[in-house]
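Here are my notes on the model you sent over. Have it open while you read, and go through the points in order.

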Amino acid sequence: MVNMSKATNNYTRITTNTLAELKSKGRKIAMLTAYDYTMAGIVDKAGVDVILVGDSASNVMAGHETTLPITLDQMIYHAASVVRGVKRALVVVDLPFGAYQADSKEALPIVFQETTKTESSSIDFKSFKKKWKAAKKKIVLVGVNTPGVLDSKWMEYFDDDPSVILLTETTSNLRSKDSINSIDSLIAPLEMGHPDFFSALHPDILLTFGGMVVSKKIKKFLREFSPKEHWHVDPLRAYDTYYCLSHHFQMPVNSFFSKLLEEFRFHESDFKSIVLDQYQKQLEQGDAYLNKIGFSDLKAFKTIFSLMPGHIQLQLANSSTVRYSQLFDLPHEVDVFCNRGTSGIDGSTATAVGASLMSSKPCLLITGDLSFFYDINGLWNNYLLPSFRIIVINNGGGGIFRILPGEKDSPKYDTYFETIHHKNVRQLAKAFGFKYKSVSNNIQLKWALKSFYKPSNQPKILEIKTPRKINDEVLLNYFKAMQKS
Ligand SMILES: Cc1ncc(C[n+]2csc(CCOP(=O)(O)OP(=O)(O)O)c2C)c(N)n1
C-alpha cells in the first residue's frame, strides 16, 4: 500500500482537485474500501488516497445477500465512523440503492442535508487554537455575505489583533475600522512583481468564510504564495479555491469564532502595521492618479461611491459593475447584494425590483448598459416604487471585454465581443415611467447626484455616458500608479 501511494504522499489532504491534478499528470491514485473508524485510520495512515464507504457494507458488515437492504441512516453511520478515523484521504460514500435513482438531482439535497448535521462540538479545537496563537501572519478573507452575518465583537477583535488582517469585498457586507475593503488596491503591485512586500504579505494561516470572492488578484496571489493552512468556515460547503484547503469547519461563523478565540490573548506581530502602511500608500497614489484623469468608468464609480447615501440597499449588476465596486469604500450602513455565482448579466434588474419591494431601505441598482437592455423586462410590472433608483453606466457596449486579456485584438472584436451600440436609455426610461437624466462628465455627475436620491413621486434613472475606448487603459494605469509606491 505504501508503494502505491508514494507518488502522492506530499499532499496533506486529498481533495477532488488533487485527484484532477494527479489524473492530468498521469499519476496513480490508490483507493480502498473501509466501513469503520479503526480500519479507516489504518488505511489512511498507509497513505491510500481515496477511501470508499461502499454500499457493500450491506453484504460485508451486515451479512445481507445484496446491497439493496442498506438504508441511508445505516450508510451515514458507516460514513461518519470512517470520516472520524481519516486525516488525509478523500472519503467517498455510496448513497444506497433507491435513494435518488429516479433523478440524479435528488442526490444533492440528501448530501447537503446529511453533511450539515455534523456536530460542531465534535471538533477538537485544541490544535487549531495552538496554531492560531503561534501564527504571526493571518489573513481573514471574506467572500459574499448577507449583511449582519458576523457579530461586531469579532470585527473588533480583528481590528485589535496585530497579527490579523481582514480582507473584505464590497459584497462581503463587512467593514471595520482597519479592514482592507479594496483587495485589488492592496494586491495591485502583483503584476509588476514586488517580492519583498509579497513575502511580507504571505500568510501562515488563511481563514475564509462567505461565498464567492470577486477579486482575481487575491486568488492569483494566494495560489502563488500558498499559506501553510487554509481553514474555511461554512455550515454547508468548502471550495478549494486556493488549492490548499486544509480544514473545513462545518458550522456557523459566530460559533466558530467563539470556540477558536475563547480565552485568546494577542501576541506581538508587525504584520498588520506593515500591510496597512503599504495599503495606505497605494491608496494615496491611486487617489492622486484619479484626480488627474478625465471622465471614465473608473472616475464615475469613484464619484458615485463617494456621494452614496448611507441608508440604502445597493444592488450591483455583474460584469465590470461588480468589479469597479470593489475599488471604493462606501458608507458602513449600506447593504450590498449581487447575483454572483454564474455571473450572468441577466436578472440583476428583476432582482433589484423584487428586493426593493421587500426592503425598508430605498434601493439603488447600478448596472452596465448591456445588462440593463438585456434585463429590461424586469421593469415590466406594476410595483415599481417611487424610491427605486437605477444608475446605468453606458460605455457603449460590454466594457469588461476590453479589460479582460485576450480578445481586444481579435477581428470583429467590436461586433462580437464588445457588441457596440448607439442606443440610449431615455426612451426606455420614459416607457417604464421613470424620471430620466443623463450626464457625460464628472461635474454633471456630481450635480445630478445631489438631487438623485431626494424623495420623488416617480422612480429615477441616471444614465452616465463614458468614453468607450479609454476605460481599460484608465484602469490599468490606476493599478500602475499604485505600483509606484
Ligand atoms: C446571460 C449572459 N449572457 C452573456 C454573458 C457574457 N457577458 C459577460 S459580461 C458581458 C457584457 C456586459 O456588458 P455591460 O452590462 O454593458 O457591462 P460592462 O462590461 O460594460 O460593465 C457579457 C455579454 C453573461 N455573463 N451572461
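**Notes on the model**

1. Let's begin with N173, which sits in the loop between β5 (164–167) and α8 (183–187). Helices here are DSSP runs of H or I with at least four residues, strands are runs of E with at least two, and both are numbered from the N terminus. N173 isn't a glycine, yet its phi is positive, about 55°. N173 counts as buried because it has 22 C-beta neighbours inside 10 Å. The cut-offs: buried takes 20 or more other C-beta atoms within 10 Å of the residue's own, exposed takes 12 or fewer, partly exposed is in between, and the C-beta atoms are placed from the backbone.

2. Before going further, a word on what you're looking at. This is a predicted model, where local features need pLDDT of at least 70 and side-chain atom pairs count only at pLDDT 80 or more, while totals for chains, interfaces and linings use all residues. Residues are numbered from 1 along each chain as its sequence is written.

3. How far can you trust it? The protein chain averages a pLDDT (the predictor's confidence in each residue, from 0 to 100) of 90, and 92% of the residues score at least 70. Residues 1–7 are where to be careful: pLDDT stays under 50 there, and the model has 14 contacts beyond four places in sequence for them. A contact means that two C-beta atoms, placed from the backbone, lie within 7 Å. Where pLDDT is low, the predicted coordinates should not be read in detail.

4. Now the domains. The protein chain splits into domain 1 (6–111), domain 2 (122–277) and domain 3 (293–484), with bounds from an automatic or database domain assignment. Domain 2 and domain 3 have their C-alpha centres 30 Å apart. Their contact takes 19 residues from domain 2 and 17 residues from domain 3.

5. Have a look at the ligand next. It is surrounded by 15 residues, and the closest are S320, G368, S371, G398 and G399; being near means a C-beta atom, placed from the backbone, within 6 Å of the molecule. α14 (320–324) and α16 (369–374) each supply at least two residues of this shell, and α16 gives the largest share, three residues. By class, the shell has three nonpolar, 10 polar and two charged residues. Here Ala, Val, Leu, Ile, Met, Phe, Trp, Tyr, Cys and Pro count as nonpolar, Asp, Glu, Lys and Arg as charged, and the others, Gly among them, as polar.

6. S319 is buried, with 23 other C-beta atoms within 10 Å.

7. Which residues of helix α15 (residues 348–358) are buried? They are S348, T349, A352, V353 and S356. Seen down the axis of α15, these buried residues fall within an arc of 135°, so they line one face of the helix; the arc is that of the directions from the helix axis to the C-beta atoms. They pack against β9 (313–316), β11 (363–368) and α16. On the other side of α15, L357 and M358 are exposed.

8. Last one: T351, also in helix α15. T351 is partly exposed, with 18 other C-beta atoms within 10 Å. Leaving aside neighbours within four places in sequence, T351 is in contact with Q315 and N339.
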